[in-house]
Amino acid sequence: MEEISLNSEGTIDRIGCATPPGTTCLNGTLEENPSEVRKEFVAPAVGMEFECYDDAYNYYNCYAREAGFSVRVKNSWFKRNSREKYGAVLCCSSQGFKRVKDVNRLRKETRTGCPAMMRMRLVDSKRWRILEVTLEHNHLLGPEVHKGIKSGIKRKFLSNSYTEVQPVKLYRTLVIDAGSDGASNFNQKHVRTPTDEANQWNLRKGDSQAMYNYFCRLQLTNPNFFYSMDFNDEGHLRNVFWVDARSRAANAYFGDAIFLDTTCLSNKYEVPLVSFVGINHHGQLVLLGCGLLSSEMLHSYVWLFKAWVSSTSGNSPQTVITDRCKVLQSAVADVFPKSQHRFCLSHVMRKVPEKLGGLPCYDAIRKVLLKGVYETLKSFDFEAAWGFMIQRFGVADNEWLRSLYGDRELWAPVYLKDSFFMGMSATRPGETLTTFFDKYLHKQTPLKEFLDKYELVLQKKQKEEVIADMESRNTSPELKTRCSFELQMSKVYTRAIFKRFQVEVEEMYSCFSTTQIHIDGPVTIFLVKERVLREGNRREIRDFEVLYNRAAAEVRCICSCFNFYGYLCRHALCVLNFNGVEEIPSKYILSRWKKDYKRVFVHDHTGGDFSTCERVKWFDQLCRSALQVVEEGAISLENYKVVLEAFEESLERVHNVEETQVLPSSGT
């Protein structure tokens with residue numbers, strides 16, 4: 001399991017322990033609602049890791065303060081040559097007994113032979129790992145053992161305490177932000193007040209323990225699990241991000257276009273969930289990561305995006321789709337400067353009844369608006385339709401329409417034709433992007449219940465994908481025409497994507513005229529006429545311009561179906577057919593829609609760089625490949641036996657390779 005902190009602010013916590021930059025500070029109760037707070041100490045445990053010795057020492061010291069004892073260093077071990085510390089034992093100050101020669105001194109005896117201790121060592125990853133822990137004490141615990149705390153620190157602690165609720169601190173596995181060489185952009189100091197709710201996340205009683213238990217369980221059962229926690233200056237939990245092995249693998253396959261679903265957060269759900277969602281090779285929604293945010297403020301979104309990028313080894317999506325929000329717009333520009341940011345059209349149109357429903361002639365306004373958004377093919381036509389609506393219905397002073405028009409290049413389809421949406425454009429009437437946890441997460445769903453459902457939902461979605469994989473590989477779709485394009489794609493596309501493409505092939509017969517209208521060098525412009533079905537089953541003739549370059553095997557329609565949905569439209573197919581082309585050019589057959597996409601998708605490792613970074617990429621690719629085999633191997637007992645035998649055979653072959661590499665050197 002990986003764990004990362006993107007918060008570089010040093011803080012002085014309530015017990016005078018300095019939190020070093022880059023520290024993740026896990027509150028034992030994760031700062032639940034003050035009225036329901038109870039101390040749930042997350043004690044030291046074997047396997048915890050820290051970025052450096054000081055982090056480990058600070059953690060144990062802070063834990064000791066909350067538990068009611070003080071700490072001293074019992075033993076330290078150093079390397080002989082470099083004098084670098086590589087091991088230590090921290091213990092309760094009551095450990096051991098006075099030496100015989102000190103017994104007669106006037107100072108009161110405080111040592112009781114207490115066994116409480118924590119032994120740790122510097123491991124190969126250059127982190128400090130807890131190897132042994134004893135939690136039991138043989139004496140009373142209480143604040144009186146800390147009378148020796150320096151008064152200056154104590155005064156600072158007391159002056160910062162505006163409430164009797166004191167958080168329980170725990171420093172968890174500490175990792176520096178991989179994307180910033182240990183630096184971070186979170187350097188803005190924030191002074192918290194009792195009314196500053198946006199800077200922390202309030203949890204119900206028991207939520208913290210449920211989250212902690214969930215992460216600990218995944219740490220043991222999901223080796224490629226990644227999570228990150230963000231805390232404010234007071235150590236209160238603000239934001240959380242996590243992504244499991246399956247979602248990390250999906251990121252490599254389907255992270256080219258992502259939809260950031262903020263529905264739960266913006267609608268004030270009990271669970272302030274933010275989901276990173278993609279589309280897989282069957283057109284199904286696939287989860288790419290999850291976050292829980294305390295607010296819709298810029299720093300929360302920036303932190304979340306950086307955490308997600310860290311989990312994807314620094315890869316950024318080609319297109320980012322979000323709700324229409326200025327804060328999100330700023331955050332995307334900050335973290336994904338090379339990505340194309342677009343507003344979700346279905347979310348924009350969903351606001352129309354709310355924002356315009358009270359206007360006179362609302363139905364007429366809505367009809368004109370929808371026609372301008374969904375039916376115009378050129379920006380000039382969109383501008384004209386918008387201007388007509390504004391003038392005809394006298395809504396020039398409507399603030400929402402004015403701001404919507406100002407953002408038109410981020411949501412109106414006519415301006416988005418150069419953006420790749422991979423099927424998530426929702427640019428046709430009635431299309432919408434649903435939430436990944438739709439029907440499983442409601443406004444009053446508590447966090448504990450959501451965490452219980454989370455894995456069930458992922459298992460259900462994963463099963464649907466596996467079944468779709470098997471159907472695509474083992475069955476042939478029914479052909480409905482004699483078109484060569486249909487036959488070609490039936491052998492390549494998954495069943496779900498082929499059915500979508502098949503509609504375009506069938507609708508070629510609605511296009512009754514393909515005419516050459518202009519030649520510009522190697523590019524020829526064709527006009528394709530189509531009978532489009534409208535309300536009341538009436539047909540309307542529409543013209544579509546298609547650019548065709550025979551030498552470059554390029555075809556592009558003004559409707560931009562390929563960029564929006566990832567396959568050629570009926571108009572482009574008509575032009576190819578008109579020019580005697582019998583097969584769709586390979587550049588218009590996206591690998592992400594192919595039946596064998598996840599099997600043939602591999603990184604290029606032809607270079608001779610065997611760096612640590614390269615080995616990490618190998619590891620990630622092997623995890624993705626093995627995960628797919630495991631998923632299909634778990635479908636039945638027969639599959640299980642085949643996969644297990646294959647794994648054993650593969651391991652034996654790897655061992656044979658290792659032996660052949662060792663033998664030549666042993667003979668020299």
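Tutor: A helix here is a DSSP run of H or I, at least four residues in length, and helices are numbered from the N terminus. Keep in mind that this is a predicted model.

Student: In which helix does Tyr53 lie?
Tutor: Helices are numbered from the N terminus. The run that holds Tyr53 covers residues 53–67. Tyr53 therefore lies in helix α1.

Student: Is Tyr53 buried or exposed?
Tutor: The relative accessible area of Tyr53 is 14%. The cut-off for buried is under 20%. So Tyr53 is buried.

Student: Among contacts between residues at least 6 apart in sequence, what percentage join residues at least 24 apart?
Tutor: A contact means heavy atoms within 4.5 Å. Take the contacts in the chain between residues at least 6 apart in sequence. The share that joins residues at least 24 apart is 63%.

Student: Which residues touch the most other members of the largest nonpolar core?
Tutor: This core holds 79 residues. Helix α13, residues 447–474, gives the most to this core, with six residues. The residues that touch the most other members are Trp242, Phe437 and Phe450.

Student: Which residues is Trp242 in contact with, leaving aside neighbours within four places in sequence?
Tutor: Trp242 belongs to the largest nonpolar core. Its contacts are Tyr214, Phe215, Phe225, Phe226, Tyr227, Gly289, Cys290, Leu292, Phe450 and Tyr454.

Student: How many residues are in the second, separate core?
Tutor: Its members include Leu265, Tyr301, Val302 and Val332. The count for this core is 29 residues.

Student: Is Glu465 buried or exposed?
Tutor: Glu465 has its place in helix α13. It is in contact with Asn280, His281, His282, Gln284 and Lys598, leaving aside neighbours within four places in sequence. Its relative accessibility is 11%, so Glu465 counts as buried.

Student: How much space lies in the largest pocket?
Tutor: The largest pocket is lined by 48 residues. Nearest its centre lie Tyr374, Glu375, Arg428, Pro429 and Arg534. The space in this pocket is about 1,400 Å³.

Student: Which element gives the most to the lining of the largest pocket?
Tutor: Several elements each supply at least two residues, among them α8 (345–350), α15 (495–506) and β17 (523–533). The lining divides into 21 nonpolar, six polar and 21 charged residues. With nine residues, the element that gives the most is α10.

Student: Where is Cys361 found?
Tutor: Cys361 has a positive phi, near 60 degrees, and is not a glycine. Its relative accessible area is 52%, so Cys361 is exposed. Cys361 is found in the loop between α9 and α10.

Student: What is the phi of Ala553?
Tutor: Ala553 is found in the loop between β18 and β19 (554–557). At 30% relative accessibility, Ala553 counts as partly exposed. Ala553 is not a glycine, yet its phi is positive, at about 55 degrees.

Student: Which residues does Asp543 touch, not counting those up to four places away in sequence?
Tutor: Asp543 has its place in strand β18. Its relative accessibility is 37%, so Asp543 counts as partly exposed. It touches Leu377, Leu527, Val528 and Lys529.

Student: What distance separates the C-alpha atoms of Gln318 and Phe421?
Tutor: Gln318 is found in the loop between α6 (298–311) and β14 (319–322). It touches residues including Phe420 and Met422. Gln318 and Phe421 are 103 residues apart along the chain, and their C-alpha atoms are separated by 8.7 Å.

Technical notes:
Residues are numbered from 1 along each chain as its sequence is written. This is a predicted model: local features need pLDDT of at least 70, side-chain atom pairs count only at pLDDT 80 or more; totals for chains, interfaces and linings use all residues. Side-chain values use heavy atoms; hydrogens and water are left out. On a 1 Å grid over the protein atoms alone, a cavity is a set of points where a 1.4 Å probe fits but cannot get out, and a pocket is an open set with protein on both sides within 12 Å along at least five of seven lines; lining residues have an atom within 4 Å of a point. Grid points are joined across faces, edges and corners, and a volume is the space filled by probe spheres set on the points. Ala, Val, Leu, Ile, Met, Phe, Trp, Tyr, Cys and Pro count as nonpolar, Asp, Glu, Lys and Arg as charged, and the others, Gly among them, as polar. A nonpolar core is a set of buried Ala, Val, Leu, Ile, Met, Phe, Trp, Tyr and Cys residues joined through side-chain atoms within 4.5 Å. Buried means under 20% relative accessible area, exposed over 50%, partly exposed in between (1.4 Å probe, protein chains only).
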